[in-house]
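Please open the model in your viewer and keep the selection tool at hand.

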Amino acid sequence: YITETNDLMVYYGDGPHSNSIYYNQCAPEVTCDRNAIYRTINGECNNLRNPLWGSSDTPYIRLLEAAYNDGDHEVRRQMDGSMLPRPRKIQLLLFLEKSRDFLDSNNYHLSQFGQWLTHDMSLLSPDFGGPKKCCDIPIEEINNNSPYQCQLVIEVPTNDPVHGCNGQTCMEFRRAMTAAHNFSCPVIPQTPMNQATSFIDSSQLYGHKLAKANSIRTFVGGRLITDIIDENEFCPLKKRNGSLLCNGRDNVGICFEAGDPRINQHFGITSYTIMFTRFHNIVTEMLEQINPHWSDEVLYQETRKFVGALNQIIAYQRYLPILLGKSYAKRYGLYLSEFKKTKYNPLLIPQLSVEFAGGAFRVPHNVVASLYNYIGKNYEILDSARLNEFMSFSDPLVKCSNLDNIVRGMTVTPGRYFAPSYNYLISNFMFHGHNTGDQDLLAVDIQRGRDVGVPPYIKIREWCGLPPIDSFEDLLNFLPFEDVETLRELYATVHDIDLLVGALLEPPVDGGTVGPTAQCILADVFYRTRFGDRFFCDVEDQPGSFSQEQLDTLRNLDLGHVICATTEMDEVPFDIFDPTMYSQMVKCQDILVKLDLSAWKEFP
Ligand code: HEM
Ligand SMILES: [Ca+2]
């Protein structure tokens, strides 16, 4: 089940970790229309032999055996049988002192496009059943008999330098939904379920399931539903009550609906969803002008296909080279070429791995910056906001031109340099003001890895073919002495280190922003989501493949066109990830001429 394509290990679907039990015993029967020219909303029938591959509500695959103490769900132990170090303790000893923000040569769109892409591919949802608040259970009473959801709440030491003085002894954490617990499929060990479509198909905008997708369509002229506030178009408003993220705060008036439930998480992701919703409606109107005979359904699907392809192009042409390094991305088939189109491989399972969603793709949390600037038309700083205080709180976005000012700020402000740490605010006060209480994203990420049975760092490094590590001393080849000493203090042996901890400490690869272990796990998934996607933008000879002319149009578009078309900004950096201080600006009116859809004109 393993072949080598340019040295990259590719697991095929009949391998031992491909969840065949789920597909054979528990998954619904699906019949596919082989001639369908559009993707289904939930991703089914992309792979015609295994119609559920890549669709929403399917299990993540594992690259390696799950690491659980009891082979099912209990958090793994260290080699000497002792408990792993507490996640918050790891944050405090190893990372917190490095949590200041240094300026990067990329702007905020690097982190924001990254999160936007994550929400397209992965929704590893916590289980919100059981007790309302896990921290209501006294922390010393938590054990294996506690409600499943609450077994891994995060303990805050009493001498915590940040929270010790305010008396917070517990941070909320809920175990992930699994096939066995939440989808009545007896998969052992516990296997988390992906509620997103793993394909890069803009399902975070349109919905990962049909009912959601339909609920945000107007069914007129291909448009998505919007609400107008002060003459500007926003995602539709919904009631706060019952909404995952808006619910937990006082004084919140605005709560948006969109394809993905995380739209209200913070104003960066909210702004992106609003921009892409506006962009959909602009494109669909342009298509209607060119093809007045097209029905609502055709307009909607053609626009969805257009937007999905554009996001793939931004991901592979613009984002991945910065993340993984351009030469590596090219070498491993992750860069699109005009001359060599993507050849679809139906044997490749287009699922995300547990190691990716529960570990490696969280490393870029290290580029999330603490402060967001509102910047005006003349580049004056109007205001700035702490990220953590505006999580689940979109109200300020809809006032005056604030969305435009935030997006301008994200464009012209250098982002956070990829340091081996998360910023101080999300390390201590994430969701500040929310009724969950303050959280530590790094501790959550470490805990999530353990929750879903991610194997330890050294094992994964080895799987990646990196030089073997047998002792803490071996780590000195690439880690600073102090970090190795702290790791030695925290963990029983070098084989016990958590994936996220090791991957975050590794110095970045040449030309990229993540270390070699994260690079390898990310490459594995982005290879699958390209070559395992029958509707990938430049796949030829499938029903619904783009014409060469259409593809040429799409390839000339970028995130900058979306920003120009949907905000009041009248110029953007030539390279959209470069903050202006490093980059030349281009006028929106000049670049928007490229948004010319004549290649879509149909001659009846
Ligand atoms: C911009 C600010 C961001 C914030 C406030 C944020 C916050 C969060 C939170 C609260 C979670 C849930 C953690 C859990 O319960 O396990 C999460 C998950 C995750 N984040 Fe972020 N994140 C941000 C940006 C990013 C970026 C830039 C990336 C990567 C490029 C990223 C990748 C992920 C991934 C892969 C997950 C797991 C998602 C899933 O499968 O459900 N995030 N993030
Ligand atoms: Ca998707």
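Predicted model: local features only at pLDDT ≥ 70, side-chain atom pairs only at ≥ 80, totals over all residues.

Helices and strands on this tour are DSSP runs, numbered from the N terminus, where a helix has at least four residues and a strand at least two. With that in hand, select C135, which lies in the loop between helix 3 and strand 5 (154-155).

**Confidence first**

Colour the protein chain by pLDDT. Its mean is 94, and 97% of the residues reach 70 or more. Now select residues 1-8, where pLDDT stays under 50. For this stretch the model has 18 contacts beyond four places in sequence. For the complex, the predictor gives an ipTM of 0.98 and a pTM of 0.97.

**Back to C135**

Is C135 buried or exposed? C135 counts as buried because it has 20 C-beta neighbours inside 10 Å, and the cut-off for buried is 20 or more. Next, show its contacts: leaving aside neighbours within four places in sequence, C135 is in contact with V153, C170, E172 and G437.

**Around ligand 1**

Select ligand 1 and display the residues around it. There are 20 of them, and G114, Q115, S122, L124 and P364 come nearest. Two elements give two or more residues to this shell: helix 3 (109-121) and helix 14 (441-451). Which helix gives the most? Helix 3 does, with four residues. If you colour the shell by class, you will find ten nonpolar, eight polar and two charged residues.

**H365, a site from the record**

Now select H365, in the loop between helix 10 (354-357) and strand 10 (371-375). UniProt places the feature "binding site" at H365, in an unreviewed entry; such annotations may be inferred rather than shown by experiment. H365 counts as buried because it has 23 C-beta neighbours inside 10 Å. Not counting residues up to four places away in sequence, H365 touches Y422, L441 and D445.

**An enclosed helix**

Move on to helix 12, residues 402-412. How many of its residues are buried? Eleven of the eleven are, so helix 12 is largely enclosed by the rest of the structure.

**Backbone details**

Our last stops are in loops. Go to the loop between helix 4 (179-182) and strand 7 (193-194), where P189 sits. A cis peptide bond joins I188 and P189, with omega at about -5 degrees.

S184 is in the loop between helix 4 and strand 7 as well. S184 has a positive phi of about 35 degrees although it is not a glycine. With 8 C-beta neighbours inside 10 Å, S184 counts as exposed.

Finally, select D230 in the loop between strand 8 (227-229) and strand 9 (232-234). Its phi is positive too, at about 45 degrees, and D230 is not a glycine. D230 is exposed because 9 other C-beta atoms lie within 10 Å, where the cut-off for exposed is 12 or fewer.

Notes:
Residues numbered from 1 in each chain as written. Chains lettered and ligands numbered in written order. Near = placed C-beta within 6 Å. Nonpolar A, V, L, I, M, F, W, Y, C, P; charged D, E, K, R; others polar. Contact = placed C-beta atoms within 7 Å. pLDDT = per-residue confidence, 0-100.
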